[in-house]
Amino acid sequence: MKRLPKRGAYDRETVFKILDEAFVCHVGFVVDGQPFVIPTNFGRCGETLYLHGSAASRMLRILSEGLPVCVTVTLTDGLVLARSAFHHSVNYRSVVVLGTARLVDDLTEKMEALRLFTEHIMKGRWDEIRWPTEQELKATTVLALSLEEVSAKVRTGGPIDDEEDYGMPVWAGVLPLPVVAAEPIADARLKPGTEIPGYMKSYRRG
Ligand SMILES: Cc1cc2nc3c(=O)[nH]c(=O)nc-3n(C[C@H](O)[C@H](O)[C@H](O)COP(=O)(O)OP(=O)(O)OC[C@H]3O[C@@H](n4cnc5c(N)ncnc54)[C@H](O)[C@@H]3O)c2cc1C
């Protein structure tokens with residue numbers, strides 16, 4: 001990236017922490033001059049980000065041809081309410097990754113990517129569920145994107161108002177917006193007596 005953004009960070013630890021807490025990314029690419037930004041899930045292993053989907057996915061097919069791609073991940077931590085409209089803001093952590101994706105052909109790497117996907121969304125799940133068959137693996141496209149050209153940007157803390165506004169009788173501060181799980185809703189065909197797994201009871205991001 002050419003311009004070091006305000007609040008910018010490039011260290012791996014910051015980037016990985018944001019990627020591991022989020023599970024939705026937006027994938028941007030241009031086809032015949034038309035930009036697309038498509039929401040999707042992702043997984044990470046070390047310096048590699050994995051995308052996956054149906055073998056029929058147009059996005060994954062196009063990206064596997066080596067089209068330049070931009071992946072962004074955003075966590076919104078809170079609303080920053082200032083005394084002036086101008087200084088209202090959002091506490092956030094975000095990552096932007098640039099590069100070209102590689103099609104994962106190897107069935108072992110593909111299976112590992114799907115494990116990462118599942119575990120990324122809910123740690124502990126993979127060991128309990130039925131794993132993909134060879135046929136299901138073949139019906140799934142997996143792309144790998146190297147986390148080489150990557151940046152993070154983070155905003156924390158309260159509002160920063162103009163000095164003359166601090167005396168205003170208006171509430172100012174932060175409204176935190178954590179991701180919190182609600183009560184699980186059991187599937188109508190759940191086998192009677194099946195317990196809610198422990199990893200779900202204590203589910204939280206970050
Ligand atoms: C939270 C979230 C997670 C997802 N995770 C995955 C995933 O892991 N794997 C996966 O394959 N897909 C996932 N999807 C669906 C994904 O967004 C695409 O719809 C899907 O991959 C099909 O892509 P495509 O390029 O084949 O779209 P096409 O069917 O070719 O899309 C045609 C057109 O439909 C519109 N379109 C496509 N997707 C969307 C959308 N989501 N919302 C609104 N308009 C759309 C666009 O204009 C697009 O050009 C996820 C969606 C969400 C919201």
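Buried means under 20% relative accessible area, exposed means over 50%, and partly exposed lies in between, with a 1.4 Å probe and protein chains only. By that scale R93, at 16% relative accessibility, counts as buried. The model is predicted, so local features need pLDDT of at least 70 and side-chain atom pairs count only at pLDDT 80 or more, while totals for chains, interfaces and linings use all residues. Residues are numbered from 1 along each chain as its sequence is written, and side-chain values use heavy atoms, with hydrogens and water left out.

R93 has a partner in D77: their side chains meet in a salt bridge, with 2.8 Å from N to O. The pair links distant parts of the chain, since D77 is in strand 6 and R93 in strand 7, 16 residues apart. Helices (H or I, at least four residues) and strands (E, at least two) are DSSP runs, numbered from the N terminus. A salt bridge here is a side-chain nitrogen of Lys or Arg within 4 Å of a carboxyl oxygen of Asp or Glu. D77 is partly exposed, with a relative accessible area of 27%.

The structure holds ten salt bridges. Side chains of opposite charge can pair when their charged atoms come close. One of the bridges is between D20 and R44, with the closest N and O atoms 2.7 Å apart. This pair also links distant parts of the chain: D20 belongs to helix 1 and R44 to strand 4, 24 residues apart. D20 is partly exposed, with a relative accessible area of 35%, whereas R44 is buried at 17%. Another bridge joins E47 to R12, the closest N and O atoms being 3.3 Å apart. E47 is in the loop between strand 4 and strand 5, R12 is in helix 1, and 35 residues separate them. Both ends are partly exposed, E47 at 39% relative accessibility and R12 at 29%.

Four strands form an open sheet in the order 4-5-9-8, and the pairing is antiparallel. Strand 4 (43-45) and strand 8 (102-103) stand at the edges with a single partner strand each, so one side of each is left without a neighbour in the sheet. Two strands pair if DSSP finds at least two bridges between them. Strand 4 and strand 5 run antiparallel and are joined by three bridges, with C45 opposite T48 in strand 5. Strands of a sheet pair through backbone hydrogen bonds, either parallel or antiparallel.

Strand 2 has pairings of its own. With strand 3 (residues 34-41) strand 2 pairs in the antiparallel sense over eight bridges, and V31 stands opposite Q34 in strand 3. The hairpin of these strands has two residues between them, and D32 there takes a positive phi near 50 degrees. Strand 2 also pairs with strand 6 in the antiparallel sense, over four bridges; the bridge partner of G28 in strand 6 is C70.

A nonpolar core is a set of buried Ala, Val, Leu, Ile, Met, Phe, Trp, Tyr and Cys residues joined through side-chain atoms within 4.5 Å. The largest such core has 29 residues, of which V27, L51 and V95 touch the most other members. Elements that give two or more residues to this core include helix 1 (12-21), strand 2 (24-31), strand 5 (48-54), helix 2 (58-63) and strand 7 (89-100). Apart from this core lies another, of ten residues, among them W126, L137, V142 and A144. Leaving aside neighbours within four places in sequence, V27 is in contact (heavy atoms within 4.5 Å) with residues including F36, I38, L51, M59, L63 and V71.

On the surface, L79, V90, L175 and L177 form a nonpolar patch with about 280 Å² of accessible area together. L79 is found in strand 6 (residues 68-81) and is partly exposed at 33% relative accessible area. Patches are made of residues with over 30% relative accessible area and no salt bridge, with like charges joined within 9 Å and nonpolar side chains (Val, Leu, Ile, Met, Phe, Trp, Tyr) within 5 Å. Accessible areas come from the Shrake-Rupley method with a 1.4 Å probe, and for residues only the protein chains shown count as cover.
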